[in-house]
Amino acid sequence: MIIDAHLHCTGRETTDDVLHTLDEAGIDVGVLLAPFLGDGYSLDDAASLRRGNAHLSRLVRDHPDRLIGLAVVDPRDPDAPADLRHAIEDLGLRGAKMVPTGWYPHEERVQPVFAVADELALPLLFHSGIFIDGRSGRFCRPTYFEALRDHPRTRVALAHMGWPWTDEALAVALIDRIHGVPHAQAQFRLDISFGPPPPYRLEVLSRMLAVLGAGSLQFGSDCFLPCSGAELRERRQWVSDLMDQLALGENDRQQIWRGTAAAWLGLDQSERPADPLPSAHSVDPAHSSASVDPVPTGASIGAVASAVPRASFASLVSRASEGLERLDAGARRWRPVCC
């Protein structure tokens, strides 16, 4: 099974459109975000977000096994806590997406929305990192999302690995690992929908795998619907190619394709594995990427550091360097995406 944990709705798609796209791309479950970027929807217009959440509810309601809807709310709006509760309890949406534009996650005024999410134990997706449309990314640095630890029943995914602040994103996700929290119960994980341009991707992904392990990473395409299955499949191929270059083992691949997102969403993880895409490079199935084994509760930071396999990390960085040379030699032009 493959879960695309980051798909944008625009308000122009239909349920049939979405299912056809997923089928063409070989995606089993799509996590759909209510529209909030254009076409009459705006993060600065709470009424438009309510319309967007209602649209998404109609879109997903008859296919709960394949379509999972995340409401969009603006935490600055005094009615946002009630809007979020309505979206979950009445509209049947199953989590929320929020984009810090003009607010910081640690501000008191946004805590009531997080409190509702905590009460309902929701999966939350946040834009983290830079924007490509001119908005300031200063509100979206990964360390600011540590404020969500005051709401420990939320399950948080930071999009785009926080690029360009990828080390910050890694550090935020690492705290659970330092304290011995299993991946499936961790509060933070990273959505690998690509903020980083191609020359950075292999290096960033290799570092995330070496320090956090695949259980902290989940696939997201960041495609905007309606789109063709070919576009979505292309972004899936980007990830598959990186997995090949890093010689990831099958268990790590399955974790990124479905396991991490399934735990985030609270889904049954006993489904079939992902269907493979054609490989650009031969892969030794026995070769698994480096990952951090769960550390006993109370273990020191030094113990965690020693658990990170340094030799394997050096090997991953070496492969990353080789991949950068291949990218320089003739990769397709990067097309930025957001949010």
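Is R149 buried, partly exposed or exposed? I looked it up in this predicted model. R149 is partly exposed, at a relative accessible area of 24%.

**R149 and its partner**

I checked what R149 pairs with. It forms a salt bridge with D176, with the closest N and O atoms 3.2 Å apart. D176 sits in helix α5 (residues 166-178) and R149 in the loop between β7 and β8 (155-158), so the bridge ties together parts 27 residues apart in sequence. D176 is buried, with a relative accessible area of 9%.

**Other salt bridges**

I counted 16 salt bridges.

Then I turned to R85. Its side chain meets that of E89 in a salt bridge, 3.4 Å from N to O. R85 and E89 are 4 residues apart in helix α3 (residues 80-89), so about one helical turn separates them. R85 also forms a salt bridge with E119, where the closest N and O atoms are 2.7 Å apart. That pair links distant parts of the chain: R85 in α3 and E119 in helix α4 (residues 111-119), 34 residues apart. R85 is partly exposed at 25% relative accessible area. E89 is partly exposed at 49%, and E119 is partly exposed at 45%.

**Helix α8**

I traced α8 over residues 250-265. It has 16 residues and reaches 22 Å from its first C-alpha to its last, close to the 22 Å expected. I found a kink of about 55 degrees centred on I256. Of the 16 residues in α8, 13 are buried, so the helix is largely enclosed by the rest of the structure. G266 follows α8, with a positive phi near 75 degrees.

**Cores**

I went through the largest nonpolar core, which has 76 residues. I256 is one of the members that touch the most others, and M98 is another. Leaving out residues up to four places away in sequence, M98 touches V73, W103, F114 and L124, among others. A second, separate core has 15 residues, including I3, V29, A159 and W264.

L124 lies in strand β7 (residues 123-126). At 0% relative accessibility, L124 counts as buried. Its contacts beyond four places in sequence include A96, M98, L148 and W264.

**Whole chain**

I noted 10 helices and 11 strands. Buried residues make up 56% of the 339 in the chain. The chain exposes about 13,400 Å², with 52% supplied by carbon and sulfur atoms.

Technical notes. Residues numbered from 1 in each chain as written. Predicted model: local features only at pLDDT ≥ 70, side-chain atom pairs only at ≥ 80, totals over all residues. Heavy atoms only, no water. Helix = DSSP H or I, 4+ residues; strand = E, 2+ residues; numbered from the N terminus. Expected span 1.5 Å × (residues − 1). Bend = angle between axes of the 7 residues up to and from the residue. Buried < 20%, exposed > 50% of the residue type's maximum accessible area, 1.4 Å probe, protein only. Core = buried A, V, L, I, M, F, W, Y, C linked by side-chain atoms within 4.5 Å. Contact = heavy atoms within 4.5 Å. Areas by Shrake-Rupley, 256 points an atom, 1.4 Å probe, with all protein chains shown as cover. Salt bridge = Lys/Arg side-chain N within 4 Å of Asp/Glu carboxyl O.
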